[in-house]
Amino acid sequence: MGELAFAAQERTAVLERMEREHFDILIIGGGITGAGIALDAADRGLKTALVEMQDFAAGT
Ligand SMILES: Cc1cc2nc3c(=O)[nH]c(=O)nc-3n(C[C@H](O)[C@H](O)[C@H](O)COP(=O)(O)OP(=O)(O)OC[C@H]3O[C@@H](n4cnc5c(N)ncnc54)[C@H](O)[C@@H]3O)c2cc1C
């Protein structure tokens, strides 16, 4: 996320950034499937966003 830390404390700022900017792909869900898709998309150079309604891997 560029200058923003990858941390729950930045959640509001991250969501505000997602409202302002355009992304190539939006992934819904931060389980292993979503995390894997995000990694693959970023590796391919896509500007990638992921939303998680609880916490990463919360179900696991
Ligand atoms: C009790 C338990 C024990 C397990 N133990 C093991 C184990 O020992 N070894 C093993 O290999 N597997 C285990 N599993 C299975 C493993 O957890 C799943 O196979 C794996 O987590 C599935 O990954 P997933 O990304 O498809 O789904 P999930 O991990 O369920 O991720 C989906 C994510 O999407 C989010 N989400 C859903 N809807 C929305 C929405 N509308 N907006 C935003 N976010 C959303 C959820 O909050 C969740 O974080 C276990 C599962 C359970 C329930």
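This is a predicted model: local features need pLDDT of at least 70, side-chain atom pairs count only at pLDDT 80 or more; totals for chains, interfaces and linings use all residues.
## A salt bridge to start with

Let's begin with Glu21, which pairs with Arg17 in a salt bridge whose closest N and O atoms are 2.9 Å apart. Glu21 counts as partly exposed because its relative accessibility is 25%. Arg17 counts as buried, since its relative accessibility is 12% and the cut-off for buried is under 20%.

Glu21 also meets the side chain of Lys47 in a salt bridge, at 2.8 Å from N to O. That pair links distant parts of the chain, 26 residues apart: Glu21 sits in the loop between helix H1 (11-20) and strand S1 (25-28), and Lys47 in the loop between helix H2 (32-43) and S2. Lys47, with a relative accessible area of 35%, is partly exposed.

## The other pair, and the network

How many salt bridges does the structure hold? There are 3. Arg44 is exposed, at 61% relative accessible area, while Asp40 is partly exposed at 37%. Through shared partners, salt bridges join Arg17, Glu21 and Lys47 into one network.

## Glu52, buried without a salt bridge

Now to Glu52, found in the segment after strand S2 (48-51). Glu52 is buried yet has no salt bridge. Why is that? Side chains of opposite charge can pair when their charged atoms come close. For Glu52, the nearest side chain of opposite charge is that of Arg11, 7.1 Å away, whereas a salt bridge needs the nitrogen within 4 Å of the carboxyl oxygen.

The Glu52 side chain does have polar contacts with the backbone. It reaches the backbone nitrogen of Gly30 at 2.6 Å and the backbone nitrogen of Gln54 at 2.8 Å.

## Around the ligand

Glu52 brings us to the ligand as well: one of its polar side-chain atoms lies 2.5 Å from a ligand oxygen atom. A polar side-chain atom of Gln54 is 3.4 Å from an oxygen atom of the ligand, and a polar backbone atom of Ile32 is 3.0 Å from a ligand oxygen. Taken alone, the ligand exposes 1,000 Å², of which the protein buries 40%.

Which residues surround the ligand? They are Ile28, Gly29, Gly30, Gly31, Ile32, Thr33, Val51, Glu52, Met53, Gln54 and Thr60. Sorted by class, this shell has 4 nonpolar, 6 polar and 1 charged residues.

Methods
Residues are numbered from 1 along each chain as its sequence is written. Side-chain values use heavy atoms; hydrogens and water are left out. A residue is near a molecule or strand if one of its heavy atoms lies within 4 Å of it. A polar contact is a pair of N or O atoms within 3.5 Å; within protein, one must be able to donate a hydrogen and the other to accept it, and residues adjacent in sequence count only if both atoms are side-chain atoms. Accessible areas come from the Shrake-Rupley method with a 1.4 Å probe; for residues, only the protein chains shown count as cover. Ala, Val, Leu, Ile, Met, Phe, Trp, Tyr, Cys and Pro count as nonpolar, Asp, Glu, Lys and Arg as charged, and the others, Gly among them, as polar. Helices (H or I, at least four residues) and strands (E, at least two) are DSSP runs, numbered from the N terminus. Buried means under 20% relative accessible area, exposed over 50%, partly exposed in between (1.4 Å probe, protein chains only). Lys and Arg count as positive and Asp and Glu as negative; His and the chain ends are not counted.
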